[in-house]
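Dear colleague,

Please find below the structure that I am handing over to you. My notes on what was found in it follow.

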Amino acid sequence: MMLKKILLVYNPVSGHAAFKNRLDTVIENFQRRGIFLSIYRTCADDNSDFVECVKLSGAEGIIAAGGDGTLHAVINWTMKNSLDLPVGILGSGTSNDFATHLQIDAENYFDVIAASRTRPIDLGFVNGKEYFVNVASAGVLTNIAHEVDVRLKNFLGKSAYYLRGLGELTNFKTVPLEITADGKNFSVDAFLFLVLNSSSVAGLKKISSAVQIDDGKLDLLALKKCSPRNLVALAKKILAGESVDGDENIFSLQARTFTIKSSAVLKSDFDGEAGDFLPLTIETIHRAIKFFC
């Protein structure tokens with residue numbers, strides 16, 4: 001059955017803050033397919049009226065227009081309020097990793113939504129309170145998304161992250177990590193770790209070929225302590241779009257649940273948004289939500 005009502009949730013400052021210039025075209029594309037569109041504009045400080053807007057709109061699906069952070073917010077609002085509705089993404093942020101992983105084509109995506117084509121996907125659930133759809137991380141570089149000036153992000157896009165990261169190279173230090181994965185214990189000194197639900201992260205399209213969004217597991221990758229030469233070589237490999245599978249400088253695990261601790265003070269990041277300080281307990285919620293794709 002064709003969807004008749006969709007709620008479009010758009011972030012006015014995502015990416016180049018230019019989605020508003022596409023809004024008329026987006027509305028026209030939905031209307032041509034027999035879909036009435038309601039609009040919800042996110043606010044930086046208070047979105048407590050979101051659930052009421054969903055109910056008033058009668059929406060049969062929710063589309064996030066923004067980057068990974070916007071999708072993160074929409075999924076958390078949806079899951080935490082038990083809104084049994086499919087979710088989708090029109091990527092318009094600085095980094096659109098989850099949309100990239102799904103190879104979403106903007107022109108064809110309207111047809112996907114109109115045809116109600118969805119698939120169930122996994123989510124990560126951190127410390128019993130926060131969901132992530134793409135990645136949870138901590139260590140060097142993970143604070144860059146929060147430190148880069150918004151104007152620089154909007155002007156340079158993903159390059160702003162890489163430029164900021166280059167400035168951090170001289171400060172790279174490993175931290176001790178204690179990891180429990182499905183009851184098994186591991187120790188590793190690492191620059192950073194990623195717990196992935198998709199293979200696309202920080203604008204890099206295929207960091208690992210093992211990651212699946214519906215296998216009931218998450219994939220942990222940690223960049224181990226290594227020489228500057230190896231670090232540069234690995235960075236070149238990643239920026240060239242090659243996967244890190246089997247690389248000697250990468251510690252990897254796949255599990256349904258992780259507990260990650262460190263004697264260092266580390267603040268995490270969930271889908272590009274600031275998260276909790278370690279320790280983290282991360283569960284996989286298998287096929288938690290239906291996604292338009």
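Contact here means heavy atoms within 4.5 Å. The model is predicted, so please read the notes with its thresholds in mind: local features need pLDDT of at least 70, side-chain atom pairs count only at pLDDT 80 or more, and totals for chains, interfaces and linings use all residues. Residues are numbered from 1 along each chain as its sequence is written, and side-chain values use heavy atoms, leaving out hydrogens and water.

Leucine 220 touches Ile179, Leu194, Val195, Phe251, Ser252, Leu253, Phe258 and Ile260, not counting residues up to four places away in sequence. Leucine 220 has a relative accessible area of 0% and is therefore buried (under 20%; exposed is over 50%, partly exposed in between, with a 1.4 Å probe and protein chains only). In sequence, leucine 220 and leucine 194 are 26 residues apart, yet their C-alpha atoms lie 5.6 Å apart in space.

The whole structure holds 8 aromatic pairs. Rings of Phe, Tyr and Trp (its six-membered ring) pair if their centres lie within 6.5 Å; planes under 30 degrees apart count as stacked, over 60 as edge-to-face and the rest as tilted. Tyrosine 10 and phenylalanine 19 form a tilted pair, 5.6 Å centre to centre with 35° between the planes. Why is the pair of tyrosine 40 and tryptophan 77 edge-to-face? Their planes stand at 80°, with the ring centres 6.4 Å apart. Tyrosine 40 is buried, at 5% relative accessibility. Ring pairs also link Tyr40, Phe50 and Trp77 into a cluster.
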